[in-house]
Amino acid sequence: MVTGFINVLKPPGFTSHDVVQNLRRLLKKQRIGHGGTLDPMAAGVLPVAVGKATRLLEYIQAGGKAYRAEFILGLKTDTQDLGGRVLARPGCPGLKLEELQAAARRFTGTINQVPPMVAAVHYQGRRLYELAREGQEVERPARRVTIENFQVLKAWPDGPFLRVIADITCSKGTYIRTLGADWGDYLGCGATLAFLLRTRAGGFKLEEAWTLEEIAAQVAGGNGDFLLPPAAGITHLPAITVRDKAVKAVANGAAIDPADCALVPALRPGSLARLESPAGVLLAVARVVPKGEGYCFKPDKVLQ
């Protein structure tokens, strides 16, 4: 059975679902899913799981992400990107790079963010973007997200506007368009997302991604270099090697003690780890749970 992950370089103009459908046709497999939606206008890293690896998608989505974004300062739209209706064109005064970066620092750390109406999150059983297409706008509760880095790289004038390139590292659930809009409002001129490139999702990196054309050529040639093992999707979780005597217990979903493992790192109760065989094969994702005065590893998802 074909199972594992594919690091896909999603092109602009495709939805994440388009990519999944394309791969289902190429690989002739139905059990395929993606790990974190990218907007159609965005490009970059889209982790895709095949076969049993789809059971690991929830753990990928919990990992951090990195982006390179282009914003237009001095322009506001109702979707916070160039695909929306223009609300205002106040233009942007001659702000210096240092001023832009100082404002960006105010949006680092844990912040509150209100999802845009074009988001895919649910509201009373429907997606926000579905309501937006009908001209509706509803109250959305703010969410806590973490911005690890918001680095302004370059800025240059474009008529009355200012174009800005920035690198952003953040937690899951962060809306880059909203981060830019809030940053622009703080600067007093508004901002709109012009382009977005995801450079990392969990352990998947842009420089290692495959285009759909490259994957198609591999399949036509009978090659599978693009398919990564299931463990590739959860490299952000600490790896723990299970001793031979406890491998069967893990496969049966039984909890095991640290004594059944080799070189166990310090872990907090409730945290996750990947359990691997001595040969490096992913057995399960396990959660650290209290046991007596210590703890044990209770399988959360068994793969082998």
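This is a predicted model: local features need pLDDT of at least 70, side-chain atom pairs count only at pLDDT 80 or more; totals for chains, interfaces and linings use all residues.

User: What about Cys261, buried or exposed?

Analyst: Buried, with a relative accessible area of 3%. Cys261 is in no disulfide either, and its nearest cysteine sulfur, in Cys296, is 10 Å off.

User: Switching topic. What's the strand order in the five-stranded sheet?

Analyst: The order runs 16-15-17-18-19, the sheet is open and the pairing is mixed.

User: Which strands sit at the edges?

Analyst: Strand 16 (261-262) and strand 19 (294-302), each pairing on one side only.

User: And in what sense do strands 15 and 17 pair?

Analyst: Strand 15 (residues 239-242) and strand 17 (residues 272-276) run parallel, with three bridges between them. As one example, Thr241 has Glu276 in strand 17 as its bridge partner.

User: Which helix packs on that sheet?

Analyst: Helix 7, residues 244-251. It touches strand 15, strand 17, strand 18 (282-291) and strand 19. The direction of helix 7 makes about 110° with that of strand 15.

User: Now the annotations. Which residue does UniProt list as the active site?

Analyst: Asp39, and that comes from an unreviewed UniProt entry.

User: Where is Asp39 in the fold?

Analyst: In the loop between strand 2 (32-34) and strand 3 (43-50).

User: How accessible is Asp39?

Analyst: Asp39 has 29% relative accessibility, so it counts as partly exposed; the buried class stops under 20% and the exposed one starts over 50%.

User: And what does Asp39 touch?

Analyst: Leaving aside residues up to four places away in sequence, Asp39 touches Lys10, Phe14 and Arg177.

User: Last one: which residues does UniProt give for the C-terminal domain of tRNA pseudouridylate synthase B?

Analyst: The unreviewed entry lists 177-219 under "domain: tRNA pseudouridylate synthase B C-terminal". In the model, that span is 44% helix and 30% strand, and its end C-alpha atoms lie 36 Å apart.

Technical notes. Residues are numbered from 1 along each chain as its sequence is written. Side-chain values use heavy atoms; hydrogens and water are left out. UniProt positions are given in the numbering used here, feature names are shortened, and annotations may be inferred rather than shown by experiment. Helices (H or I, at least four residues) and strands (E, at least two) are DSSP runs, numbered from the N terminus. A disulfide is a pair of cysteine sulfur atoms within 2.5 Å. Buried means under 20% relative accessible area, exposed over 50%, partly exposed in between (1.4 Å probe, protein chains only). Two strands pair if DSSP finds at least two bridges between them. Contact means heavy atoms within 4.5 Å. Axes are lines fitted to C-alpha atoms, for helices over the stretch in contact, and angles run from 0 to 180 degrees between N-to-C directions.
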